[in-house]
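Have the structure open as you read.

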Amino acid sequence: MLAVLCLVLFLDALDVSMVGVALPSIGAELGMSTAALQWIVNGYVLGYGGLLLLGGRTADLLGRRRVFLIALAVFAVASLVGGLVDNGALLIVTRFVKGLAAAFTAPTAMSILTTTFAQGPARNRALSIFTVFGASGYSSGLILGGLLTSAGWRWTFVTPVPLALLALVAGYLLIPKDRPGEGGHDVLGAATLTSGMLLAVYTVVAAPERGWLHPLTLGSAVLAAGLLVAFVITENRVSHPLIHMDILRIGAVVRANLSLVALFGSYLSFQFMMTIYLQEVLGWSPLRMALALLPAGILVAVGSPFMGGLIDRFGTSRLILTSMLSLSVGYLWFLATAGSAPHYAITVLPTMLLLGGGFAFGFSSIMAQATDGIDNSEQGLASGLVQTSGQVGAALVLAVVTALLGGEHGAVGDFGQFRPGLNFVTAVGVAGLLLNLVALIRHRPARR
């Protein structure tokens, strides 16, 4: 069963990294600007993050096995359609649908894992193995993306289909049936949350071209805020909310959610900028660009098997702090050494190794901290909440970075236009570091 769950995480990471490599080729063939290309990333991320909470709750209520298999089938169909469309808008729609499907498979897989393996060493070891497959999928996706994009970017969309079908058959045979839970769905909460986030990201992306004080910009910002406020009000009034607000009173859970925002948000945006810069500004081939980013994924794959033992020995708080420190140093090193044109051996390679270390120490530790002490009946909620934070945070950070880039990349050799985005990504990483450093200092036992 763990092998099936790992295969699905491998597939998800593979798909994300392959499409990231293919972005410049997609933009060239379909005539999409940098601002439009970010929606191929954010369409998936927002569909994913917008319904993760509903996906986790649905798994708790309707049965994890059933939800997992249905969502995986939808993922396979959306992948196939994405490889066949010939329009940028339709391509973004297929990415959004794939994100919706992943919003049900991801928290369901996590809740199956956390309810199968007891809290403590067994669960920590399972989470570390789970992370290895995510890192391996990301690394494989970079290489496959580089090779497949050279043959045609559509192959990066079609290739996950047979893997999804394999996972579907294996899941049907190997995941045991479970009983549906009790309760109801919070459809209104899901609708207000998803629409509010979509509108917020659209506002940030469209503002540089339209103007920050343009009536449409201000109006969409107010409407997005209103929808998110409506979500909070809804959660306090419905019988079966997506988020039990009591869970947000647990300091460790809140820190885990914010730490994943810093981890995912900063790295996804950094990879987006490097993909555009290395391929379109420096003229690197997709494969060469993929190999340049590969060391981070390799380091995560090599380091993750040891994380379960490290969590048992040192606890999640110290490992998350180490993760945020590695991330922050990586971004600061890039800014300090990049100059007018970053050198690979001096700037890019050390940065990727530091970011890989950040992921290796952080992902398993954050997931363990976010689900520790949560009752089995709400493991879907807890895992959905932390993954929602990571995906929504990533979407918002990427939207801000895209706005700072001005929607279009600069002329060949003009690295300066990427610096505002890199400054913001660095600030996000440092914020995650300070959050965990303050928490660790406050909770350190007093010495006599």
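1. Start with Asp-15 and Lys-98, which form a salt bridge with their closest N and O atoms 2.5 Å apart. This is a predicted model, so take that distance as a computed one. The two residues sit far from each other in the chain: Asp-15 belongs to helix H1 and Lys-98 to helix H4, 83 residues apart. Both Asp-15 and Lys-98 are buried.

2. Asp-15 also has a salt bridge to Arg-95, at 2.8 Å from N to O. Again the link joins distant parts of the chain, with Asp-15 in helix H1 and Arg-95 in helix H4, 80 residues apart. How buried are these two? Asp-15 has a relative accessible area of 0%, so it counts as buried. Arg-95 comes out at 2%, and therefore counts as buried as well, the cut-off being under 20%. Taken together, Asp-15, Arg-95 and Lys-98 are linked in a network of salt bridges.

3. How many salt bridges are there in the model? The count comes to four. One of them pairs Arg-154 with Glu-29, with the closest N and O atoms 3.5 Å apart. Arg-154 lies in the loop between helix H5 (121-151) and helix H6 (155-158), while Glu-29 is in helix H1, so to speak a distant partner at 125 residues apart. Are the two partners buried or partly exposed? Arg-154 is partly exposed because its relative accessible area is 22%, which falls between the 20% and 50% cut-offs. Glu-29 is partly exposed too, at 46%.

4. The model has three cavities of 30 Å³ or more, and the largest cavity holds about 930 Å³. Its lining takes in 45 residues, and those nearest the centre are Asp-12, Ala-13, Val-16, Phe-264 and Gln-391. Which helix gives the largest share of that lining? Helix H1 (residues 2-30) does, with ten residues. By class, the lining of the largest cavity divides into 33 nonpolar, ten polar and two charged residues.

5. Lining it are Arg-255, Ser-317, Ile-320, Gln-369, Asn-436, Ala-439 and Leu-440. Helix H13 (316-338) and helix H16 (419-442) are the elements that give two or more residues to this lining, and H16 has the largest share, with three. The lining of the second largest cavity splits into three nonpolar, three polar and one charged residue.

6. Next, the open space. The largest pocket has a volume of about 500 Å³. Of the 20 residues that line the largest pocket, Leu-193, Leu-385, Thr-388, Ser-389 and Val-392 are the closest to its centre. Four helices each supply at least two lining residues: helix H8 (187-210), helix H9 (215-237), helix H10 (251-281) and helix H15 (379-405). Which of them gives the most? That is H15, with six residues. How does the lining of the largest pocket divide by class? There are 16 nonpolar and four polar residues, and no charged ones.

7. Last, the surface. Ile-70, Val-74, Val-93 and Val-97 make a nonpolar surface patch of about 300 Å². Helix H3 (64-82) and helix H4 (88-116) are the elements that give two or more residues to this patch. Val-93 is placed in helix H4, and it counts as partly exposed because its relative accessibility is 47%.

Notes:
Residues are numbered from 1 along each chain as its sequence is written. This is a predicted model: local features need pLDDT of at least 70, side-chain atom pairs count only at pLDDT 80 or more; totals for chains, interfaces and linings use all residues. Side-chain values use heavy atoms; hydrogens and water are left out. Patches are made of residues with over 30% relative accessible area and no salt bridge: like charges are joined within 9 Å, nonpolar side chains (Val, Leu, Ile, Met, Phe, Trp, Tyr) within 5 Å. Accessible areas come from the Shrake-Rupley method with a 1.4 Å probe; for residues, only the protein chains shown count as cover. A salt bridge is a side-chain nitrogen of Lys or Arg within 4 Å of a carboxyl oxygen of Asp or Glu. Buried means under 20% relative accessible area, exposed over 50%, partly exposed in between (1.4 Å probe, protein chains only). On a 1 Å grid over the protein atoms alone, a cavity is a set of points where a 1.4 Å probe fits but cannot get out, and a pocket is an open set with protein on both sides within 12 Å along at least five of seven lines; lining residues have an atom within 4 Å of a point. Grid points are joined across faces, edges and corners, and a volume is the space filled by probe spheres set on the points. Ala, Val, Leu, Ile, Met, Phe, Trp, Tyr, Cys and Pro count as nonpolar, Asp, Glu, Lys and Arg as charged, and the others, Gly among them, as polar.
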